[in-house]
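Hello,

Here is the structure I promised to pass on to you. Have a look at it first, and then read my notes below.

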Amino acid sequence: STRNILVELEEGAGVAVMKMKSPPVNSLSLDFLTEFSISLEKLENDRGCRGVILTSAVPKIFSAGLDIKEMCGKSAEHYAEFWRAVQEMWLKLYKSNMVTIAAINGNCPAGGCLMAVSCDYRIMAENPKYSIGLNETQLGIVAPFWFKDTMVNTIGHRATERSLQLGLLYSASDALKIGIVDELVPEEKVLNAAAATMSQWLAIPDYARQISKSMMRKPTLDRLLTHRESDIQNFVSFVTKDSIQKSLQMYMESLKQRKG
Ligand code: CO8
């Protein structure tokens, strides 16, 4: 199959750069998610790799989030397989023992935002055209509890509640203010800034840092692990509703009409 993710491991530094490259918008299809999880697992098992920088090779887009085509007009079996792959991507990323840094060099809605807030640190290009957030309600759909949990762990309860209800997409500068991202830098410096932060984090002994990370994240991970099958069933029964199918189709149409 075609490669959606380019992995460059810098042996000396022990740092890998994962570049998402699935034009036009790095949407998270079943294929993409499967490849993502396999790539991350390989790095996780590589003793020579201690940190990962997640970024995009597609200009102006980090990731458009879940591939809406995977959620439209498919079978219940397909939706279940797709959702398991979404869960797997998040579980692998959120519990990674490696230092994970998102180098956000483009738009970052919904599932793209989930990936970013699942990393240990976020650096975003200071481009007023780029936005980031969990905009699900704007599509008439609902971010699942573990998207919500990850956001709460990043920006707190009140800011998450407002973000989720309104489906807010924040400009880069507002994202910095609210704490969705940790740092803004000029676009051409995003990768260098990520490498600089990475070396600070890697100066901490791995074992102590990993246990601290796990201590913070384990309750959130366990919550999905405990409810994994019911979360899949919830997704399938939600996404197969006529009203939700209609909302998603209308949203895809509105993306097309926005063009030109
Ligand atoms: N899935 C599938 N196709 C997409 C997606 C997507 N998420 N986003 C864009 N595309 C398609 C467009 O339809 C378009 O296709 P075509 O060329 O055939 O018309 C093509 O990609 C290019 O898109 P644009 O022309 O819009 O490109 P721009 O560069 O102008 O804009 C953006 C890029 C900003 C990323 C814009 O495309 C956008 O806003 N996309 C939608 C992003 C979004 O809202 N994603 C939410 C997905 S839902 C999710 O991630 C979590 C759901 C969890 C809850 C589930 C419960 C049911």
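The ligand sits in the largest pocket. Here a pocket is an open set of points on a 1 Å grid over the protein atoms alone, where a 1.4 Å probe fits, with protein on both sides within 12 Å along at least five of seven lines; "sits in" says that more than half of the molecule's atoms lie within 2 Å of its grid points.

A word on the basis: this is a predicted model, where local features need pLDDT of at least 70 and side-chain atom pairs count only at pLDDT 80 or more, while totals for chains, interfaces and linings use all residues. Residues are numbered from 1 along each chain as its sequence is written, and side-chain values use heavy atoms, with hydrogens and water left out.

Around the ligand there are 29 residues (a heavy atom within 4 Å), and Ala-64, Leu-66, Tyr-251, Arg-258 and Lys-259 come nearest. By class, this shell has 18 nonpolar, five polar and six charged residues.

- A polar backbone atom of Leu-66 is 2.8 Å from a ligand oxygen.
- A polar backbone atom of Ile-68 is 2.9 Å from a ligand nitrogen.
- A polar side-chain atom of Asn-135 is 3.0 Å from a ligand oxygen.

The largest pocket itself has a volume of about 1,200 Å³. Of its 45 lining residues (an atom within 4 Å of a point), Ala-64, Leu-66, Ile-68, Tyr-251 and Leu-255 are the closest to its centre.

Enjoy exploring!

Notes: Polar contact = N/O pair within 3.5 Å; in protein donor to acceptor, adjacent residues only side chain to side chain. Nonpolar A, V, L, I, M, F, W, Y, C, P; charged D, E, K, R; others polar. Points joined across faces, edges and corners; volume = space filled by probe spheres on them.
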